[in-house]
Each structure stands twice: as C-alpha cells, then as structure tokens.
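Here's a quick briefing to read with the viewer open.

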Amino acid sequence: MSMSQEEIESLMNGLDLGENETSDQESIEEEDTDSVNMSEDDIEALIAETNSNVKEMDSDVSVSNDDIDDLLASLENEDSTTSVSDEDIDSLINDLANEKIEDDEETEINLENDTDDLISDLKSEGEEVSADNEDIDALINNLTQNEHIEDNKKTSNKDEIEDLLSEIESTNNDSIVDDDYLKELDSLNIDTDAVSLATLDVSKNKKSDNYEKVVDLDKINIPSQLTQVNSDSEEKATVIFDILSSILDANNETRNALTEFEKFFQSQQKLLETLNSKFPNVKEFSDSLDSLNLLISKPAEISTSLSNRDNDLFSAMELMQFHDINRQKIERVMRVVTSLSRQLNTILDDESFDGVPVSKHLPGDNTPDIVNHDDLESLIAEYNK
Amino acid sequence: MRILIVDDSSTMRRIIGNVVMQLGIDKENFDEAEDGLKAWNLLSNKKYDVILTDWNMPNMNGLELVKKVRAEGNHKTTPIIMITTEGGKAEVITALKAGVNNYIVKPFNAQILKEKLDGVIK
C-alpha cells in the first residue's frame with residue numbers, strides 16, 4: 001500500500017487545519033500541538049514504515065508480475081496446438097488468490113498496528129487527547145482507499161490473466177474434451193439421415209472383403225435397371241403392336257366380307273332390274289330394286305371407313321418408332337453412367353485404403369443409445385469393480 | 001420380290017414390315033435380322049431384292065454390313081436403304097460413301113418409306 005503525495009499532504013493539512021479553529025479548539029489544539037507534533041512524528045514514522053511495507057509489497061507484486069509476464073511470453077512462444085493444462089491454470093489462479101489473501105491480511109494487520117500505535121502514542125502523552133476522530137478516520141479511510149486501489153490493481157491483473165488464459169483455451173478447443181462441448185455438438189441437429197454418416201459404409205470391393213456393403217447392388221444397379229426398363233418397354237411395345245395388328249387384320253377380314261356383300265348386292269341389282277323391266281306392273285320388283293339401290297353403296301362406305309381406321313392404326317404404329325428412339329436414349333444414359341462409374345473407380349479406388357476403420361458414431365450423428373457422461377462414468381465404475 | 005429388314009429393335013422391324021405389306025408385299029416375302037452378322041448369314045444363303053438396314057446394332061453394325069455387302073458376296077449391286085436415328089450430315093455422307101443408295105432418318109413417315117421403296121424397286 002502506498003500513499004500518494006497528495007494523500008500525505010492532505011493528511012498533513014488535515015492536522016494543520018486544527019490551528020485555524022476556535023480558541024477552545026485552539027487551546028486544545030495548542031495543548032495538542034506538542035502531542036500533535038509528536039503524533040506527527042509518529043505519523044511520519046508510521047507513514048515511512050507504511051511506505052517501506054508498500055515497497056516490499058510492490059516488489060513482491062512485481063515479482064509475481066514478472067512471473068506472469070514470463071508465463072505469458074512462454075505461452076505465446078509455444079505451438080498453438082499446445083494447450084495449457086487445466087492444472088497449470090488452476091495453480092496460477094490459486095497462487096494469485098493466495099497472494100492476495102496474504103497481502104490483504106498483511107495490510108489489515110499493518111493497519112491495525114498502525115492504528116493501535118497511534119492511539120497508544122496519544123494516550124502515552126498523559127493528556128486527554130480527544131483524538132480527532134475525524135483525523136483518525138481520515139487516516140484509516142486513506143489507508144483503506146489505498147488498499148482498495150491496490151486490490152483493484154491486483155484484481156485487474158488477475159482479470160487480464162484470466163482473459164488471456166480464456167483466449168488460449170478458446171483456440172485449443174480440439175484438445176479440450178468435456179461434456180459441455182459434446183452436448184453442444186449434439187444440439188446442432190445434423191440430419192445424419194441425409195448425410196448417412198451413421199450408416200455410411202464402403203461398397204463391397206471385389207479385391208477386398210473388408211468393406212461392408214453400402215447398398216444392395218441387385219436392387220439399385222443402374223445399368224441393370226435401365227436394361228430392365230428397356231426390356232419391359234420392348235415387351236409392352238410388342239403387345240401394343242400385336243393389338244394394333246389384330247385390329248388391322250380384323251379390318252381386312254371385314255373389308256373382305258364387305259366385298260362379298262358388294263358382289264351379292266350387284267348381282268341382286270341386275271336381277272331386279274331385269275325382272276322390273278319385264279314385269280313393270282309387279283310393284284314388288286320395283287320396290288325391291290329401290291331398296292337395293294339404297295343399300296348397294298353401303299359396303300363401299302364401310303370399306304372406306306375401314307381404310308381410314310387402318311390409316312389411323314398405321315399412324316399409331318409409326319409413333320411406336322419413339323419406343324426405339326427412347327430405348328437408344330436410355331442406352332446412351334447407360335453408357336454415360338458406366339463410363340462415369342469406371343472413371344470414379346479409377347479416381348477413388350485406393351487399395352491402401354483397405355481396412356481403414358470407420359467410427360460408427362461421430363459427433364452430430366443421431367445415433368440412438370448414446371451414453372452421456374454420467375452413464376459413462378457409472379459404466380466404468382461398474383466394470384472396474 | 002424379297003426384302004431383308006435388319007434392325008436390333010423388334011418394334012422397328014414390325015413397323016417397317018407393315019409398311020412393306022402396305023405396298024402389297026406379302027409377309028412371306030420379307031425376312032428379318034436383329035444384327036449385321038445374322039443379316040450377312042441370310043444374305044449368304046438367299047437372294048434379296050432390297051436391303052433395309054439400321055446403323056447402330058450389336059455384333060456388326062449397319063455401316064459395316066453395307067461395306068461388307070459392297071465388297072463381297074452376291075449382293076454388291078442390291079439396293080440398300082439405311083433407316084437410322086443418325087441424322088448428322090457427316091454420318092449421311094459416310095453412309096452414302098460406303099454404298100448406301102438411300103437414307104431415311106428416324107422417326108420417318110411411312111409415306112416417305114413407300115416412295116423411296118417404290119423408287120428403289122422400279
């Protein structure tokens with residue numbers, strides 16, 4: 001604890017101010033002068049003693065500051081990956097705390113001693129010295145304020161050290177493993193289903209049996225599936241073609257039947273015309289001839305309609321060409337996929353990677369039945385019995 | 001008149017066959033082959049008046065078949081019509097230089113095939 005010059009002067013001024021007061025006070029103060037003078041000497045001695053203690057304390061503090069500076073410098077020079085152990089940090093903080101406590105105690109003791117000396121000196125003069133309580137309080141307050149200032153300085157130093165250490169800790173997160181860090185990772189809610197981290201396995205390699213099967217190759221082999229698509233499409237196209245062809249065949253049969261009808265109608269027309277001409281008075285002949293004339297064009301109309309439907313069928317058959325075109329497009333895709341697969345195999349295949357173990361759980365996975373810290377400790381304790 | 005239809009797609013063979021039948025040629029008068037190698041075997045054993053062939057086929061593609069037909073065998077002058085999806089100018093030139101008489105790009109209109117077949121037959 002050090003007293004500033006201003007504080008000493010104020011202290012001294014506080015004592016000098018007694019001369020300017022009332023006569024009673026003056027008389028008392030005159031009486032006190034001697035004692036004051038003596039007290040002043042004592043006070044100066046006290047101050048001198050206090051200063052010496054402060055210097056010692058400063059030296060001690062400076063020593064500890066040097067240690068701290070050395071520690072900080074050593075920390076900066078170290079590799080960034082090097083982490084300060086928790087034990088070192090705790091020990092440093094404890095040292096600082098103990099030092100503060102010791103300083104506090106020493107300061108408090110000194111204060112008490114000084115106060116007692118002051119009071120005893122005053123009493124030893126044998127005069128009723130109504131010690132100026134205000135002066136004493138002022139002395140004590142000054143001493144206490146100085147003490148607080150020193151405490152604040154120590155506290156600020158400690159805070160700076162802790163801030164620095166916390167920065168160092170924050171840059172070494174990788175080396176720190178605790179439950180809070182793991183919990184924080186678990187709270188990130190990573191969609192492991194999309195990433196498939198938990199179930200990610202390497203496809204079965206013919207060269208090595210160390211890999212687990214990623215997917216069922218029989219189910220999602222792309223070229224095989226596309227070939228199956230082409231095959232199924234070809235089969236259905238054939239069925240469609242068969243149906244269209246059967247319709248064409250049916251139309252042809254109908255057209256052939258209509259030809260027969262047309263021939264019959266023509267023959268009947270000739271017969272009725274002959275009968276009608278020879279027997280004009282027979283009304284049935286003329287009526288039948290009229291009816292036949294109305295029907296005789298029907299087969300031709302039906303045949304024309306059938307021909308139009310055949311054209312529609314041919315148009316539908318022409319559109320079936322796109323089945324063949326789409327089949328070739330699918331084959332083009334298969335070729336690209338196969339080529340990509342070969343290129344990927346060339347790029348990614350690495351025999352040296354055989355047998356590399358892969359963790360079943362990584363932070364961020366949604367793996368069920370993950371032990372927390374308490375469960376882990378309990379399991380360890382249980383199995384170590 | 002006998003016609004040889006060469007295409008790896010059964011659908012295309014039927015489509016072309018229907019067009020041929022529309023021209024009045026009976027089904028018994030045209031044969032089908034699913035690749036160039038089988039077509040060459042048929043050409044080696046039978047006489048055909050017209051060859052209708054695709055380009056992209058397994059085993060032996062259409063271009064190789066045309067070059068082989070024009071180089072050897074008894075069909076060096078037989079009219080060949082290539083029916084294919086290869087519609088690039090370079091491919092058409094290549095096929096014509098190989099000995100193809102006419103070229104049809106899929107998808108084709110049946111009327112176009114009829115006209116070109118009529119022209120070849122006549």
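Predicted model: local features only at pLDDT ≥ 70, side-chain atom pairs only at ≥ 80, totals over all residues.

Chain A is built from twelve helices, with zero strands, and 23% of its 385 residues count as buried. Across all chains, the structure holds 15 salt bridges.

**Overall make-up**
- Reading along the sequence of chain A, you get α-α-α-α-α-α-α-α-α-α-α-α.
- Take the contacts in chain A with a separation of 6 or more: 78% of them come from residues 24 or more positions apart.
- Chain A exposes about 26,700 Å², and carbon and sulfur atoms supply 51% of that area.

- Lys298(A) pairs up with Glu301(A) in a salt bridge, with the closest N and O atoms 3.7 Å apart.
- Both Lys298(A) and Glu301(A) sit in helix H10 (residues 298–319), three residues apart, or about one turn of the helix.
- Lys298(A) counts as partly exposed because its relative accessibility is 40%, and Glu301(A) gets that label at 46%.
- Further along there's a salt bridge from Arg309(A) to Asp312(A), where the closest N and O atoms are 3.3 Å apart.
- Arg309(A) and Asp312(A) are three residues apart in helix H10, so about one helical turn separates them.
- At 41% relative accessibility Arg309(A) is partly exposed, and Asp312(A) is partly exposed at 45%.

- Arg327(A) and Asp324(A) form a salt bridge whose closest N and O atoms are 2.5 Å apart.
- These two belong to helix H11 (residues 321–348); Arg327(A) and Asp324(A) are three residues apart there, so the gap is about one helical turn.
- Through shared partners, salt bridges link Asp324(A) and Arg327(A) into one network with Glu331(A), Asp7(B), Asp8(B), Asp54(B) and Lys106(B).

**Negative patch**
- Which residues form the negative surface patch? Asp369(A), Asp374(A), Asp375(A) and Glu377(A) do.
- One of them, Glu377(A), has its place in helix H12 (residues 373–383) of chain A.
- Patch members need over 30% relative accessible area; Glu377(A) has 39% relative accessibility, so it counts as partly exposed.

Note on methods:
Residues numbered from 1 in each chain as written. Chains lettered and ligands numbered in written order. Heavy atoms only, no water. Helix = DSSP H or I, 4+ residues; strand = E, 2+ residues; numbered from the N terminus. Buried < 20%, exposed > 50% of the residue type's maximum accessible area, 1.4 Å probe, protein only. Contact = heavy atoms within 4.5 Å. Areas by Shrake-Rupley, 256 points an atom, 1.4 Å probe, with all protein chains shown as cover. Patch = residues over 30% accessible without salt bridge, like charges linked within 9 Å, V, L, I, M, F, W, Y side chains within 5 Å. Salt bridge = Lys/Arg side-chain N within 4 Å of Asp/Glu carboxyl O. Lys, Arg positive; Asp, Glu negative; His and termini not counted. Charge placed at Lys NZ, Arg CZ, Asp CG, Glu CD.
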